[in-house]
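The following exercises concern a single protein structure. Please examine the sequence and the model before reading the solutions.

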Amino acid sequence: MLQNLATGSALVAFTVLVHTAGLILIAAITPPVARWFGFHNHGVGRTLVMTGTVLGLLSTLTTEVWGWALVYATLGVTRDFADALFLSTAMFSTIGYGEVSINPAWRMLTALEGINGFLMIGWSTAYLVAAATRHGPFRHGEHF
């Protein structure tokens, strides 16, 4: 159990660092790119800005999922990397892993990924709401 908690804590710290870096990068790139293309002047452009923001978040979340999957594969939690990636995606998105057989010794680790994914997806949602009112097609007081 202690190894599950230690490994899970390290992976949570990893995802927080990746997520923070991803959000900082998205926040640094979005405004200048939007201005350079003139996207901030019209609804279609602001919608394209939001599309880029969503793709940036998806890339960040994908990096986090693959990090968990690599650890699963390394620890032998699943029989191969394909199963590790499926397990990680299912747990991070809080769907659950019903189809994949895992090493029972690592059940707590997979549960921790579910909690971690819930937090990272929630953080992403909060960022999207803020970005939608700041750079996207929605304006505070006008749409909310």
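**Exercise 1: The largest pocket**

In this predicted model, α1 contributes six residues to the lining of the largest pocket, the largest share.

Task: Determine which helices supply at least two residues of this lining, and how the lining residues divide into nonpolar, polar and charged.

Solution. 
1. The volume of the largest pocket is about 200 Å³. Twelve residues line the pocket, and Ile26, Ile29, Thr30, Gly52 and Thr53 are the closest to its centre.
2. At least two lining residues come from each of α1 (2-37) and α2 (43-75).
3. By class, the lining holds eight nonpolar and four polar residues, with no charged ones.

**Exercise 2: The salt bridges**

Solution. 
1. Side chains of opposite charge can pair when their charged atoms come close. The cut-off applied here is a nitrogen-to-oxygen distance within 4 Å.
2. Two salt bridges are found in the whole structure. One joins Arg79 to Asp80, with the closest N and O atoms 3.7 Å apart. Another joins Arg79 to Asp83, with an N to O distance of 2.9 Å.
3. Asp80, at 32%, is partly exposed. Arg79 has a relative accessibility of 70%, so Arg79 counts as exposed.

Technical notes
Residues numbered from 1 in each chain as written. Predicted model: local features only at pLDDT ≥ 70, side-chain atom pairs only at ≥ 80, totals over all residues. Heavy atoms only, no water. Salt bridge = Lys/Arg side-chain N within 4 Å of Asp/Glu carboxyl O. Buried < 20%, exposed > 50% of the residue type's maximum accessible area, 1.4 Å probe, protein only. 1 Å grid on protein atoms, 1.4 Å probe; cavity = no way out; pocket = protein on both sides within 12 Å on 5 of 7 lines; lining within 4 Å. Points joined across faces, edges and corners; volume = space filled by probe spheres on them. Helix = DSSP H or I, 4+ residues; strand = E, 2+ residues; numbered from the N terminus. Nonpolar A, V, L, I, M, F, W, Y, C, P; charged D, E, K, R; others polar.
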